Each structure stands twice: as structure tokens, then as C-alpha cells.
Amino acid sequence: MKICIVGEYREQFPSRLQERNFNSHPSYSNITDIQKACEENGFDCIYYGGVYQLIHAVDSKEHFDSDTLFLNISDGLTQSYCRIQAPVLLDLMGVKYTGSSPFAVGLMNNKHYTKLALSKIKCSELLFPKDLLQNNKRIPSVKEMEQIGYPMIIKPNNDGFSMGIESNSVVHSYLMAEEKIISLQKNYTEILAEEYIPGMDVSVFLVGNASHIIINEAIVYKTYGNFYQETAVRDIYAKAHKLSAKYPATEYLSQDILQTLKKISTQIFELLHVHDIARIDYRITSDNRIYFLEINPNPVLSATSDAQIVCQNLNISYSDLILLYINAALERYK
């Protein structure tokens, strides 16, 4: 089996997403970590390239045999819904690849419509913050915003990486909200005004498929020195300056909450037809109410990312994790 790693890396975008000196793409060393892990598992592995190389492969009708798997870690280029680019091109190439289908990726990159889809889940333990979606051509009325209530968070609807989320994203009045919306409208086509939920930031990292979810592990975050956030968020500044640390949730959440998170995450994974891997973000309140925030269909897989915490908690190596991810995709193609 030959593995072709597909993805852009940080050094290719020196001016891309440089809010607070933060660049969301993995570094080239992260890609070499994945390549090394693949080779340790006995695979012939190369770094294939990113979206531009995939476009060339489609144009030139490049042929790949059935013994090739494309390991997709691409976040795309700079357009809206850029994460959908690689899956679309890989489908056009007719090859096997890791990760979800273009439609599922597109849906998961729309926070508002993901929540609408997940409202079909019959689960009393899963809650959703109230929100209001608007485009970059209008400002919502005072009455519309009052229906959500303050504080609220103003953020891009269709971008990941915490882009557009800063310390002033949590607003406490209509004037503050209006100012933040106008600021975001310069760079984003869809803006979400969402009820702010005080609580603990928790993510669940999943590997597998609906019939066989292999990894279902929770992670908690300590941001600006606190696990519980009253008005703060894990914004770009916190990530860029390493002011948000991650820990295994088993040390901080009860077994009842952990089991509920696993159950809910499995339901979300299955309903959205997620393939192979995802990270689901939640807020958990002081009285243990669980609010869904968003789902990332292509979480960072570097040896120092959330994957590291998962490996630590499961007592497996980074190479073991990469093998589980690859095997999940190969099993699906069988």
C-alpha cells in the first residue's frame, strides 16, 4: 500500500491567516511526522502536495492504482469553504482517500446548518446555543439580537481555525455586537451571532466509521489560566501565544459525563456521515449541561496537537494512532 499525503503547510502561506501572528496550517515538520509514522507502519509514503497538485492531477488525468491511499490533511487555500477543495478533487481523480465526502465536509464547515442538521438527534442531553445567521450585507436589528441575549459571541459561520475570533468577539451590548459584525463583514461572507455559554471547553476526538468507531476520547482545555470560562474564548491570540493548554478529560470530568459525551459524539458522527476522523467541540456548564459548538472534519494530526493527548490517554504511540486512522479508511473502502 502506498500512502500519498495531501495538504498545504504553514511555510507556503507566509501572509495567510496572520491574525495575531497565527497561521492555522500544519508546519512542514508536522507533515514529515506523519510520513515517518506511515513508514514506521510499513507503508511506502510520500508527500504528494496540496490543492494545486490535485488540480494538476485532474487536468492531466494522472492515473493511480487501487493500491494507493491519499491521506488528506488539507485545509485548502484561501476561499470560503476551502476544506471542501481537496475532497472534491480527490473524488474527481477517482482515488481512495481518508476523511469525509465533499458534502459532509461542506456541511460541517457551516456551523449554523450543522446545528440544524443535528437537531434531528433525539437526545435530551445535547443542547445548542441560540444563534442568528446573517450575510455580509446586513446588520441584524436590536430585536433580533435581543432574542439571543447577551453576552453573545460574534464569529464567522463558515471558517475554522478560530479565525475571526478574538477577545472582543464576546459582546455585551448591541453596539458592541454591531461593531464586531461590521469588522467581520470586511473578510467573511457569513457571520454568526451565537448565545455565549459560560463553561468548560471540551473536545472529543474520534477515529473510525459509523459501524466501528475506534477512538472516542475527550480533551479539556485550560485557557488564560482557567478551565471554566465566564466570558473568555480560546481565541487566536491564546492559540498563537500558547495560552491554551490541553489535558485528558478523564482527569477533570466524571465518568457519567464522559460516557454521555461518547454517546452524543457517536450519534453526531453517524448522523453527519463522518468518515474516518473528526473533532467535536462542546461547552459544558457548571451544572453539566452539554452544548454543541462545532465539528472539525479535519483536525490537526501533528505529534503535538490534540492527537498527542489522545495517545497519552490511550497509552499508544503516535505511529499507532496514524495506523488506526489509515486502517479506518481502508476498512471503509472494503
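**Close-up views of a predicted model**

**View 1. Proline 151 and its cis bond.** Proline 151 lies in the loop between α6 (142-148) and β7. Helices (H or I, at least four residues) and strands (E, at least two) are DSSP runs, numbered from the N terminus. The peptide bond that joins tyrosine 150 and proline 151 is cis, with omega about 0 degrees. This is a predicted model: local features need pLDDT of at least 70, side-chain atom pairs count only at pLDDT 80 or more, and totals for chains, interfaces and linings use all residues. Residues are numbered from 1 along each chain as its sequence is written, and side-chain values use heavy atoms, with hydrogens and water left out.

**View 2. The open sheet with β7.** Four strands form an open sheet in the order β6-β9-β7-β8, with antiparallel pairing. The edge strands are β6 and β8 (170-171), and each pairs on one side only. Two strands pair if DSSP finds at least two bridges between them. Strands β7 and β9 run antiparallel and are joined by five bridges. Isoleucine 154 has alanine 193 in β9 as its bridge partner. Strands of a sheet pair through backbone hydrogen bonds, either parallel or antiparallel.

**View 3. Helix α5 and its cover.** Helix α5 (residues 111-118) is mostly covered, with six of its eight residues buried. Buried means under 20% relative accessible area, exposed over 50%, and partly exposed in between (1.4 Å probe, protein chains only). The buried residues of α5 are Lys111, His112, Thr114, Lys115, Ala117 and Leu118. Their cover includes α4 (102-108), β6 (131-135), β7 (152-156), β9 (190-195), α9 (255-271) and β15. Contact here means heavy atoms within 4.5 Å.

**View 4. Strand β14 and its partners.** All nine residues of β14 (residues 276-284) are buried: nine of nine. Strand β10 (residues 199-209) pairs with β14 in the antiparallel sense over nine bridges. Valine 202 has tyrosine 282 in β14 as its bridge partner. Strand β15 (residues 290-296) also runs antiparallel to β14, joined by six bridges. Aspartate 281 stands opposite glutamate 294 in β15. The hairpin of β14 and β15 has five residues between the strands, and asparagine 288 takes a positive phi near 65 degrees there.

**View 5. Cysteines without a disulfide.** The count of disulfides is zero. A disulfide is a pair of cysteine sulfur atoms within 2.5 Å. For cysteine 4, the nearest cysteine sulfur is that of cysteine 45, 7.6 Å away. Cysteine 4 is buried, with a relative accessible area of 2%. For cysteine 45, the nearest cysteine sulfur is that of cysteine 38, 4.0 Å away. Cysteine 45 is buried too, at 4% relative accessibility.

**View 6. Tyrosine 224 in its loop.** Tyrosine 224 sits in the loop between β11 (212-223) and β12 (228-229). Its phi is positive, about 50 degrees, although tyrosine 224 is not a glycine. Tyrosine 224 is partly exposed, with a relative accessible area of 35%.

**View 7. Asparagine 315 between two helices.** Asparagine 315 is found in the loop between α10 (306-314) and α11 (318-333). Phi of asparagine 315 is positive, near 60 degrees, in a residue other than glycine. Asparagine 315 counts as exposed, at 71% relative accessibility.
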